[in-house]
Amino acid sequence: MEQHVADSFDLLILGSGPGGYVAAIRASQLGLKVGIVERERLGGICLNWGCIPTKALLRTSEVYHYMTHADAYGLKADNVGFDLGKIVDRSRKVAGQLNAGVKGLMKKNKVQVVEGVGALTGKGKLQVKQGDKTLDLEAKHIMIATGARARDLPFAKADGNRTWTYRHAMVPEVMP
C-alpha cells in the first residue's frame with residue numbers, strides 16, 4: 001500500500017524517539033500540522049532496543065532471583081531454570097507493544113508518520129528516501145531528534161561474538 005504524504009508541514013521532526021514523538025504530539029495539540037520521519041521503528045532506540053527492553057530483561061532476572069531465593073520467603077521452588085529464547089521473546093514483545101502505542105498516539109494526534117531515511121537539503125527542506133523512491137518535504141520548522149546509535153571502536157568492531165552493540169545484547173542466542 002502506497003503511503004500518501006503531505007508535502008508541506010508547519011513542523012517536521014527527524015527522528016521518533018522520546019524527544020521526537022513527544023514534541024510531535026505537543027506541537028499537534030497546539031494546532032501545528034506535524035510530520036515525523038523515522039528510518040526504523042517509532043519510539044527510536046530507547047523504546048525498541050534500549051531502555052524499555054532492558055527493563056523487561058531486568059524484571060525477568062529479578063523474578064528469577066526471587067525464585068532461586070524462595071526459601072528466604074518460606075517458599076519452595078525446585079528445579080528453577082530459564083529459557084533464554086522465551087526471555088528474549090518477552091522483551092521484544094514488550095518493545096513491540098510500546099511501539100504500537102506510539103503508532104496509536106501519532107494517529108490520535110494527527111501526526112503524519114513518514115517512513116524512510118531523512119536528510120536536510122536546505123532551509124525548510126527535507127528529503128526522505130524510501131527504497132527507490134524519494135520524497136521532497138517542506139516545513140516552516142524542522143526539528144532534529146535523531147538520538148543515539150552504536151559506534152564501533154576502531155580496534156574492536158562489533159561482530160556479535162566478542163564485541164556487542166545494544167542490538168546484540170537484546171537478542172542473544174546464548175548467555176554471554
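User: Which residue just after H4 takes a positive phi?

Analyst: The model is predicted, so local features need pLDDT of at least 70, side-chain atom pairs count only at pLDDT 80 or more, and totals for chains, interfaces and linings use all residues. Residues are numbered from 1 along each chain as its sequence is written, and side-chain values use heavy atoms, with hydrogens and water left out. Helices (H or I, at least four residues) and strands (E, at least two) are DSSP runs, numbered from the N terminus. The residue just after H4, with a positive phi of about 60°, is Lys110.

User: Is Lys110 buried or exposed?

Analyst: Lys110 sits in the loop between H4 and S3. Buried means under 20% relative accessible area, exposed over 50%, and partly exposed in between (1.4 Å probe, protein chains only). Because its relative accessibility is 71%, Lys110 counts as exposed.

User: What is the relative accessibility of Asn79?

Analyst: Asn79 is a residue other than glycine with a positive phi, near 55°. Its place is in the loop between H3 and H4. Asn79 counts as exposed because its relative accessibility is 81%.

User: What span does H4 reach from its first C-alpha to its last?

Analyst: The expected span of a helix is 1.5 Å times one less than its number of residues. H4 has 25 residues, and 36 Å is expected. The span in the model is close to that, at 36 Å.

User: Which residue has a side-chain oxygen close to the backbone nitrogen of Gly85 at the start of H4?

Analyst: A polar contact is a pair of N or O atoms within 3.5 Å; within protein, one must be able to donate a hydrogen and the other to accept it, and residues adjacent in sequence count only if both atoms are side-chain atoms. Here the oxygen reaches to within 3.0 Å of the nitrogen. The oxygen belongs to Asp83.

User: What is the volume of the largest pocket?

Analyst: On a 1 Å grid over the protein atoms alone, a cavity is a set of points where a 1.4 Å probe fits but cannot get out, and a pocket is an open set with protein on both sides within 12 Å along at least five of seven lines; lining residues have an atom within 4 Å of a point. Grid points are joined across faces, edges and corners, and a volume is the space filled by probe spheres set on the points. For the largest pocket this comes to about 460 Å³.

User: Which helix supplies the largest share of the lining of the largest pocket?

Analyst: The lining has 26 residues, and Glu38 is one of those nearest the centre. H1, S2, H2 and S4 each supply at least two residues. The largest share, four residues, comes from H2.

User: How many residues of the lining of the largest pocket are charged?

Analyst: Ala, Val, Leu, Ile, Met, Phe, Trp, Tyr, Cys and Pro count as nonpolar, Asp, Glu, Lys and Arg as charged, and the others, Gly among them, as polar. The lining holds nine nonpolar and eleven polar residues. The charged residues number six.

User: Is Glu38 buried or exposed?

Analyst: Glu38 lies in strand S2. Leaving aside neighbours within four places in sequence, Glu38 is in contact (heavy atoms within 4.5 Å) with residues including Gly15, Val114 and Glu115. Because its relative accessible area is 10%, Glu38 is buried.
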